[in-house]
Number of protein chains: 2
Amino acid sequence: VRTIAKPVAKLIDEFSRLPGIGPKTASRLTFYLLRTPKEQALALADALRELKEQTVFCSTCFNIAEASPCPICRDESRDRSIICVVEEPLDVLAIERTREYKALYHVLHGAISPVEGIGPDKLKIHELLERLKVEPVKEVLLATNPNLEGEATAMYLARLIAPLGLRVTRLALGLPVGGDLEYADEVTLTRALEGRREM
Amino acid sequence: VRTIAKPVAKLIDEFSRLPGIGPKTASRLTFYLLRTPKEQALALADALRELKEQTVFCSTCFNIAEASPCPICRDESRDRSIICVVEEPLDVLAIERTREYKALYHVLHGAISPVEGIGPDKLKIHELLERLKVEPVKEVLLATNPNLEGEATAMYLARLIAPLGLRVTRLALGLPVGGDLEYADEVTLTRALEGRREM
């Protein structure tokens, strides 16, 4: 005798396939949704469907959007002389939240990682170089993650872009604001020392 | 200019409404689903819909099931003289996984909690008492959680059931198997001492 209803088992299973959601969390979420009004589960179901059916990648910057080109690429008030290169659409969001950057983006959709078999050809690098040829770009800000893969990707891109005579920059590394010097790792502290500025 | 696609924002929002899922995890899950094949997001959407549309509560034990009465209540090979009283359907699953219990259940759908405004009338307690009147029950195993609310609920039920002349039992408290005596909290250790058995 099966003692768990099939729809319950199926939802636990589907939740478990999401990254960072183990079987225990998946059960907890499923039984939470069993108890809540039908509307909440259906709203989540609709949101999932709409995510896949009503979004596209911008054909210019490859950010996720409802239409291509995306609102950022279409926005004529933005500075078209800088392109900020990031790994993921989430990174665009993070930079937008600062309200400090008013230029363009290019989403690579990953970083070079020989271990995971991700070579430059799997990323939107060719598309970036094509943009640099035709758009009035003066600076490429490499905002890939400050980890092994992100650094390797930035180095690779810097070497490709250098011959084009453009300014190539990278986000500053240092202590996080609100952080505690005592708990900073050695590498971050080394970068903070190297990047020290006059007051 | 909105810089995040509406379907993306909506899904982040819906994920954030789930317990234990903060805005960061909600973003991470959403962008993960953006990258995966359409099928995975749609399978999750379907599972959510089916959870609400293809499950019911068993009219006898109030466990979640595809039909009422549920397979456990229908199973004629089960011992009908014991009812195990639990707070949630997840608890039924946990006990079934032991493969040690082959009798019936009753799901209260919560525990008495004056702080949260949950009185006995909000739980399936009346329904339990009705079952005890008509079913051939000899023992009620109170398997509510070993915390404040669960203990209070068990005490409350024990007092109601005592006049019926049935055996009322409670799950043993003690050290968890594989646990470390050194790290056991005082209350658990006290219970383990009180419940010590001859070898």
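Predicted model: local features only at pLDDT ≥ 70, side-chain atom pairs only at ≥ 80, totals over all residues.
Local features required pLDDT of at least 70, side-chain atom pairs counted only at pLDDT 80 or more, and totals for chains, interfaces and linings used all residues. Residues are numbered from 1 along each chain as its sequence is written, chains are lettered from A and ligands numbered from 1 in the order in which they are written, and side-chain values use heavy atoms, with hydrogens and water left out.

Pockets were located on a 1 Å grid over the protein atoms alone. A pocket is an open set of points where a 1.4 Å probe fits, with protein on both sides within 12 Å along at least five of seven lines. Lining residues have an atom within 4 Å of a point. Grid points are joined across faces, edges and corners, and a volume is the space filled by probe spheres set on the points. The largest pocket holds about 640 Å³ of space. It is lined by 25 residues, of which A:Thr144, A:Pro146, A:Leu171, A:Ala172 and A:Leu173 are the closest to its centre. Two or more lining residues come from each of strand 3 (79–86), helix 5 (89–98), strand 6 (167–170) and helix 8 (186–194) of chain A. Helices (H or I, at least four residues) and strands (E, at least two) are DSSP runs, numbered from the N terminus. Helix 5 of chain A gives the most, with four residues. By class, the lining has 13 nonpolar, seven polar and five charged residues. Here Ala, Val, Leu, Ile, Met, Phe, Trp, Tyr, Cys and Pro count as nonpolar, Asp, Glu, Lys and Arg as charged, and the others, Gly among them, as polar.

The second largest pocket holds about 470 Å³. Its lining comprises 17 residues, and B:Ile95, B:Ala143, B:Pro146, B:Leu171 and B:Ala172 are the closest to the centre. Helix 5 (residues 89–98) of chain B gives the most to this lining, with four residues. The classes are ten nonpolar, five polar and two charged.

Over all chains, the structure holds 25 salt bridges (a side-chain nitrogen of Lys or Arg within 4 Å of a carboxyl oxygen of Asp or Glu). The closest N and O atoms of A:Lys38 and B:Glu53 are 4.0 Å apart. A:Lys38 is partly exposed, at 37% relative accessibility, and B:Glu53 is partly exposed at 45%. Buried means under 20% relative accessible area, exposed over 50%, and partly exposed in between (1.4 Å probe, protein chains only). B:Glu53 also forms a salt bridge with B:Arg49, at 3.9 Å between the closest N and O atoms. B:Arg49 and B:Glu53 are four residues apart in helix 3 of chain B, so about one helical turn separates them. B:Arg49 is partly exposed, at 30%. Salt bridges link A:Lys38, A:Asp46, B:Arg49 and B:Glu53 in a network.

A further salt bridge joins A:Arg191 and A:Glu194 (3.5 Å, N to O). Both residues lie in helix 8 of chain A, three residues apart, about one turn of the helix. A:Arg191 is partly exposed at 35%, whereas A:Glu194 is exposed at 55%.

In soluble globular proteins, nonpolar side chains tend to be buried together. A nonpolar core is a set of buried Ala, Val, Leu, Ile, Met, Phe, Trp, Tyr and Cys residues joined through side-chain atoms within 4.5 Å. The largest such core has 41 residues, and A:Val8, A:Phe15, A:Leu48, B:Phe15 and B:Leu48 touch the most other members. Helix 1 (6–16), helix 2 (23–35) and helix 3 of both chain A and chain B each supply at least two residues of this core. Contacts of B:Phe15 (heavy atoms within 4.5 Å) include A:Leu18, A:Leu44 and A:Leu48, along with B:Ile21 and B:Leu33, not counting residues up to four places away in sequence. A second, separate core of 35 residues includes A:Cys58, A:Cys73, A:Val140 and A:Leu142.

Backbone geometry was examined next. The peptide bond joining A:Ser68 and A:Pro69 is cis, with omega about 0°. A:Pro69 lies in the loop between strand 2 (64–65) and helix 4 (71–74) of chain A. The bond from B:Ser68 to B:Pro69 is cis, with omega near 0°. A:Arg99, not a glycine, has a positive phi of about 55°. This residue lies in the loop between helix 5 and strand 4 (103–107) of chain A and is exposed at 67%. B:Phe62 has a positive phi near 65°, sits in the loop between strand 1 (56–57) and strand 2 of chain B, and is buried at 12%.
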